[in-house]
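Here's a quick briefing to read alongside the model. Keep the sequence and the 3D view open as you go.

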Amino acid sequence: MAEQVDTLAYLVRLFTAEEFREELQKICEDERLRTLLFLSIPILRESMSSEQYVEKVRKFQYILPGEENVMGMHNIERFREKRLLMGVEYLDLVLEYIEQENYTLYLVGDRLEKLSFLLYYCREQYPGISVVGTFVGGEKMDDESLLNDINVTCPDIIMTAIEPQLQENWIADNHHKFNGLLCIGADVLVRRKMNQYSQMEVGQAGGTFFTQWKAAKVRMIERIKGRIFRKEYDNYMKKKA
């Protein structure tokens, strides 16, 4: 059974890989559109300054950690011991499930680079997935064109890689206007997978030692980011009290 923890203003669910697969199956068998958001530090930062935004995010039926640092106010080591997922691993589990169950996928991005990578990753790692449509928006999403294309192609799963705030607002405001089984706000997962590929390419060019050094540097940067956000969170909670 998934573990649930309060994180800022949200009830966040944590799954093992097997639990998440089972939950995906339940969602899709229900045949009613569900919304899932992967939480990131930018989402939490915006949540500290806007109650209106918090209400938008709370409309998601599922909120899961998209990066480990969003769980920094909890005992992360305990989550690791229980093999609960807290990041980019979710992306492969979702895509693997879509391929295995022969569901169709529609991809939405705010930048061509990001959407192109996601499409490439799907075709490279999960060639059995039928991507029935793609859409590249910008700072202002063309809601009418996008919704029309989704409703014409009728995908089972809609996955978005749109920057924080724009992504959550768009899904919260529009998910009731199209059909499907699941709409996933996955921007943080896509960005992290892009970073992983970038590190792999650099590592291949620089050799084993350079790869290890680069990985250590990335881990150090992530720890620093986590500490900075934890201080912001602690200050926010003190002011709120």
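What follows is a short tour, from the whole chain down to single residues.

This is a predicted model, where local features need pLDDT of at least 70, side-chain atom pairs count only at pLDDT 80 or more, and totals for chains, interfaces and linings use all residues. Residues are numbered from 1 along each chain as its sequence is written, and side-chain values use heavy atoms, with hydrogens and water left out.

**The whole protein**

- The protein has ten helices and eight strands; these are DSSP runs numbered from the N terminus, with helices being H or I of at least four residues and strands E of at least two.
- Of the 241 residues, 49% are buried (buried is under 20% relative accessible area, exposed is over 50%, and partly exposed is in between, using a 1.4 Å probe and protein chains only).
- Take the contacts between residues at least 6 apart in sequence: 78% of them join residues at least 24 apart (contact means heavy atoms within 4.5 Å).

**How α1 meets α5**

- Helix α1 (residues 17-30) packs on α5 at an angle of about 45°, and their axes are 10 Å apart; axes are lines fitted to C-alpha atoms, for helices over the stretch in contact, and angles run from 0 to 180 degrees between N-to-C directions.
- That angle makes α1 oblique to α5 (under 35 degrees is roughly parallel, over 145 roughly antiparallel, 65 to 115 roughly perpendicular, and the rest oblique).
- From α1, the contact uses Ala17, Phe20, Arg21, Leu24, Gln25 and Cys28, while α5 brings Tyr90, Leu93, Val94, Glu96 and Tyr97.
- Sorted by class, this contact has eight nonpolar, one polar and two charged residues; Ala, Val, Leu, Ile, Met, Phe, Trp, Tyr, Cys and Pro count as nonpolar, Asp, Glu, Lys and Arg as charged, and the others, Gly among them, as polar.

**Buried residues worth a click**

- Leu91 sits in helix α5 (residues 89-100) and is buried, with a relative accessible area of 1%.
- Not counting residues up to four places away in sequence, Leu91 touches Tyr121, Met159, Leu189 and Lys193.
- Leu91 and Gly66 are 25 residues apart in sequence, and their C-alpha atoms are 9.3 Å apart.
- Lys114, in helix α6 (residues 112-125), counts as buried because its relative accessibility is 2%.
- Beyond four places in sequence, Lys114 touches Ala161, Ile162, Glu163, Asp187, Val190, Arg191 and Met194.
- Met86 is in the loop between α4 (76-81) and α5, and at 6% relative accessibility Met86 is buried too.
- Met86 and Glu68 are 18 residues apart along the chain, yet their C-alpha atoms are separated by 5.1 Å.
- Glu68 is also one of the contacts of Met86 outside four places in sequence, which include Leu14, Pro65 and Phe79.

**Positive phi in the loops**

- Most residues other than glycine have a negative phi.
- Glu31, in the loop between α1 and β3 (34-39), has a positive phi near 65° and is exposed at 64% relative accessibility.
- Gln165 has a positive phi near 80°; it lies in the loop between β7 (157-161) and α8 (166-174) and is partly exposed at 35% relative accessibility.
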